[in-house]
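This briefing goes through one protein model by topic. It starts with a pocket and then turns to the sheet, a helix and the aromatic rings.

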Amino acid sequence: MNRLPGLFLALLLLAVPFMARGGTPSLAESWNGAEIEWRDIRSGIYASATSGRPVIMVFHAPWCSAYKKYRSVFYDKDIVAASKDFVMILIDGDADKTSNGAFAPDGTYVPRTIFLDSDGNVQSHLIGTGDPKFPHSIDLNGPGELLSLMKKARETMKGFAPAET
């Protein structure tokens, strides 16, 4: 776990040459890419490190039936609105095995949602309430749990713009 901030910095250094190209991950359109600004890991890490905004990193695999259900959560209007406070990174765990293994504090299962600060530290207090063997699994049946975690992140993490009144 202590290696994650170092890996985060290493990926940031690798990301700089690719910033001009941007980085929309494959399958972003399936995850409401029209309304959520999904980034690949390189451009997402760069955006977080330079803006100070926290990260929500979602790992999926196209073959996974749970992923197909979970992606519908990202079409919820409240999730779309809350996502604007984060750098949203979408990773195909099969296509990017390096990132999948590097950001796996409790395994490489999918779908997996990990909150990180802008220094690359996993926020271990922001986990799902379902199966304790898979703490970074979030409720697939609706937006409630993810939205609650996003709100909790806003209360406990730095890097957010001031809340609108």
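A pocket here is an open set of grid points with protein on both sides within 12 Å along at least five of seven lines, and its lining residues have an atom within 4 Å of a point. The model is predicted. Its protein chain has 6 helices and 4 strands, and 46% of the 165 residues count as buried.

**Second largest pocket**

- The volume of the second largest pocket is about 170 Å³.
- Its lining includes Cys-64 and Ala-66, then Val-110 and Pro-111.
- Also among the lining residues are Gly-130, Asp-131, Phe-134, Ser-137, Ile-138, Asp-139, Leu-140 and Glu-145.
- Sorted by class, the lining comprises 7 nonpolar, 2 polar and 3 charged residues.

**Overall order and the sheet**

- The 4 strands form an open sheet with mixed pairing, in the order β1-β3-β2-β4.
- β1 and β4 are the edge strands, each pairing on one side only.
- Strands of a sheet pair through backbone hydrogen bonds, either parallel or antiparallel.
- Strand β2 (residues 55–60) and β4 run antiparallel and are joined by 5 bridges.
- Within this pairing, Val-58 is opposite Thr-113 of β4, and Phe-59 has Arg-112 of β4 as its bridge partner.

**Strand β4**

- Is β4, at residues 112–116, mostly covered or mostly open? It is mostly covered, with 5 of its 5 residues buried.
- In a regular strand the side chains alternate between the two faces of the sheet.
- On one side of β4 are Arg-112, Ile-114 and Leu-116, and on the other are Thr-113 and Phe-115.
- Both faces of β4 are covered, as the residues on each side are all buried.
- β4 is thus an edge strand in its pairing, yet 5 of its 5 residues are buried.

**Helix α2**

- Helix α2 spans residues 41–51.
- At the start of α2, a side-chain oxygen of Asp-40 comes to within 3.3 Å of the backbone nitrogen of Arg-42.
- The buried residues in α2 include Ile-41, Ser-43, Gly-44, Ile-45, Ala-47 and Ser-48.
- An α-helix has 3.6 residues a turn, so residues three or four places apart point the same way.
- Gly-52 follows α2 and has a positive phi, near 80 degrees.

**Aromatic rings**

- The count of aromatic pairs comes to 9.
- One of them is the edge-to-face pair of Trp-31 and Trp-38, at 6.2 Å centre to centre with 75 degrees between the planes.
- Both Trp-31 and Trp-38 are buried.
- Trp-38 also forms an edge-to-face pair with Phe-74, at 5.3 Å centre to centre with 65 degrees between the planes.
- Trp-38 lies in strand β1 (residues 38–39) and Phe-74 in the loop between α3 (65–70) and α4 (77–83), so this pair ties together parts that are 36 residues apart in sequence.
- Phe-74, like Trp-38, is buried.
- Trp-31, Trp-38, Tyr-67, Tyr-70 and Phe-74 are linked by ring pairs into a cluster.

Methods
Residues numbered from 1 in each chain as written. Predicted model: local features only at pLDDT ≥ 70, side-chain atom pairs only at ≥ 80, totals over all residues. Heavy atoms only, no water. 1 Å grid on protein atoms, 1.4 Å probe; cavity = no way out; pocket = protein on both sides within 12 Å on 5 of 7 lines; lining within 4 Å. Points joined across faces, edges and corners; volume = space filled by probe spheres on them. Nonpolar A, V, L, I, M, F, W, Y, C, P; charged D, E, K, R; others polar. Buried < 20%, exposed > 50% of the residue type's maximum accessible area, 1.4 Å probe, protein only. Helix = DSSP H or I, 4+ residues; strand = E, 2+ residues; numbered from the N terminus. Pairing = 2+ DSSP bridges. Polar contact = N/O pair within 3.5 Å; in protein donor to acceptor, adjacent residues only side chain to side chain. Phe/Tyr/Trp six-rings, centres within 6.5 Å; stacked < 30°, edge-to-face > 60°.
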